[in-house]
Amino acid sequence: MKKLAGLLLLIVGLTLTIGAGANFRYYEAERSITVNITSDDNEFIDLTPLQPYAYLNNGKLTIEISPNNPNYPGYGDGMSVNTIYVFEEMFNVSNELWENENGDFPVCVQISINQGDGIEVFAGNYSNPISGPDTQVQFTVYHDEPVPVGFVFNNTDKEMGTQSVQMSINAEAGACE
Amino acid sequence: MEKNPAISVMAADTISGILLYSTSPYAKNEGNLTIDITQSNPNYLGYGDGLSPGSVYRFDGLLTIENNNDFPVCVILQSQSDLLEFYTDGESLPAISFTLNANESMSVGVEFNATELGLMEEYYDIHILEGGCSETV
């Protein structure tokens, strides 16, 4: 009996030593990240079409002035050469980041289009724009204060036919400087 | 690298004396730290349902890793997904590593490359090695 108690003590002693002295050499864990990929008009930096010329194509904002636009009513097939068209409020940019719950979390939005494509954008309205018209504009967007973006299509000396242009939108945390 | 930032922790998780936490509303605790940018996150406010296809989003300091051991460790974060990368300064990479001395912490940004509509369920690994990172890591 005495012997057994001695043995138990020894085991307890040993366990304690291991417990106190054991560092790890290596550890590995796995963690998950789940993200909902949604359409442009529901995302954090939200792009909502306002004019029928703008629509969502597989969730991506597309501006299309042609009979291929699903909103095409069967008339008004496009713009003619040597004209200038101004469309106010083509789409809205809004700030739907969750960080806004604890106070203002503005973003600085930049929109750019290649120079020489004959297209310029402006933020706000055309007569009193916040930024632009230019091939690159920037403006601050606060939550609950969407900013409309308009377009100027300058078709001077353009060829007849279809023209396609990419627009890139970049947003950075914080108001524009 | 910061030392013991005085912030309230919203979601946290400890792995062998390494504290993994986030102060972002996009994080939540589900037994361990989870990033959840969907409507099932309790922090969801009824707007901003997620990211959109064809977009790249970067969240600075989405994760913070703090070494509460009294010895240095090497932390390696490794994405299991093409859509997920990490960064501590400019460039984002599928895997990053850094040494944390005792009581040091590092905030890590996460870059998302969203391609298609739907739910993105991705994973990453955290490897922790005793001692600093060797240059070959």
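**A tour of the aromatic pairs**

Over all chains, the structure, a predicted model, holds 16 aromatic pairs.

Begin by selecting A:Phe91 and A:Phe151. Their ring centres are 6.1 Å apart and their planes stand at 55°, so the pair is tilted. Colouring chain A by strand shows where each partner sits: A:Phe91 belongs to strand β5 (residues 84-95), while A:Phe151 belongs to strand β10 (residues 147-154), so the contact ties together parts that are 60 residues apart in sequence. Both A:Phe91 and A:Phe151 are buried.

Next, move to chain B and select B:Phe59 with B:Phe112. Here the ring centres are 5.7 Å apart and the planes are at 80°; the pair is therefore edge-to-face, as the angle is over 60 degrees. This pair, too, links distant parts of its chain: B:Phe59 is in strand β6 (residues 55-67) and B:Phe112 in strand β10 (residues 104-114), 53 residues apart. With a relative accessible area of 6%, B:Phe59 is buried. B:Phe112 is likewise buried, its relative accessible area being 0%.

As a last stop, select B:Arg58 and B:Tyr87. B:Arg58 lies over the face of the B:Tyr87 ring, at 4.1 Å from the ring centre.

Definitions and conventions: Residues numbered from 1 in each chain as written. Chains lettered and ligands numbered in written order. Predicted model: local features only at pLDDT ≥ 70, side-chain atom pairs only at ≥ 80, totals over all residues. Heavy atoms only, no water. Phe/Tyr/Trp six-rings, centres within 6.5 Å; stacked < 30°, edge-to-face > 60°. Helix = DSSP H or I, 4+ residues; strand = E, 2+ residues; numbered from the N terminus. Buried < 20%, exposed > 50% of the residue type's maximum accessible area, 1.4 Å probe, protein only. Lys NZ or Arg CZ within 6 Å of the ring centre and 35° of its normal.
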